Amino acid sequence: AQHLDLQQLSKNDHVHFGGLFNIPEFWLSFPGVIRQLKLLNPSLTVSLDTNYDASQIWRHEWLLPILDLVDVFLPNDDEALGISATDTVDQALNVLSRYAKLVIVTLGDKGAKAKLSDSEEITHVPSPKVNVVDACGAGDAFNSAFLKIWLANGKQKSKLSECLRYAVRGGAFAVTNL
């Protein structure tokens, strides 16, 4: 955290953090970083993709309080089930949306599901059928495509389905080429 230029980061409209499970030395300082960024820029939004938890613990005591500070949480289905300690993606969305304002769970070739914290509705967008060459990077492509269109649309809740469709297509395209 001491290597982050918070003044510079706070000049953005949005900051995305990825791979949090891979940076244990950042776990305890992460909430302070987000709070400081939002103090410096109250309109700044934050997204998080924890990535895979190699320890298989998933429900770290520090994680759920962090999600309260996150605007968009982007786990895949395995991560969402592990973190929420639930059996289905819909259950995971219901649990995780009590914390993060928007939770989007990627489902591989089944697309993605999303839930806003202030809604009971779960939105599902299926993935187009593609010839998968290599699945590496699909989640990152999905995240960047979603965030691009979500930010371009002013972070409007009403545009969620459109943003998901764009992101699912971005993730699908990413797996068709090396």
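Trp62 is buried, with a relative accessible area of 11% (buried means under 20% relative accessible area, exposed over 50%, partly exposed in between, using a 1.4 Å probe and protein chains only). This is a predicted model, so to speak of local features requires pLDDT of at least 70, while side-chain atom pairs count only at pLDDT 80 or more, and totals for chains, interfaces and linings use all residues. Residues are numbered from 1 along each chain as its sequence is written, and side-chain values use heavy atoms, leaving out hydrogens and water.

Now for the rings. Searching the whole structure turns up 8 aromatic pairs; rings of Phe, Tyr and Trp (its six-membered ring) pair if their centres lie within 6.5 Å, and planes under 30 degrees apart count as stacked, over 60 as edge-to-face and the rest as tilted. One of these is the tilted pair of Phe17 and Phe26, at 6.2 Å centre to centre with 40° between the planes. Phe17 counts as buried at 10% relative accessibility, and Phe26 is buried at 9%. Phe21 and Trp62 make an edge-to-face pair, because their ring centres are 6.0 Å apart and their planes stand at 70°. Phe21 sits in the loop between E1 and H2 and Trp62 in the loop between E2 and H3, so this pair ties together parts 41 residues apart in sequence. (Helices, H or I with at least four residues, and strands, E with at least two, are DSSP runs numbered from the N terminus.) Phe21 is buried too, with a relative accessible area of 6%. Ring pairs also link Phe21 and Trp62 with Trp27, Tyr52 and Trp58 into a cluster.

Leu116 belongs to strand E5 (residues 112-116), where 5 of the 5 residues are buried, so the strand is largely enclosed by the rest of the structure. Ala112, Ala114 and Leu116 point one way from E5, and Lys113 and Lys115 the other way. E4 and E5 pair in the antiparallel sense over 5 bridges (two strands pair if DSSP finds at least two bridges between them). Thr106 stands opposite Ala112.
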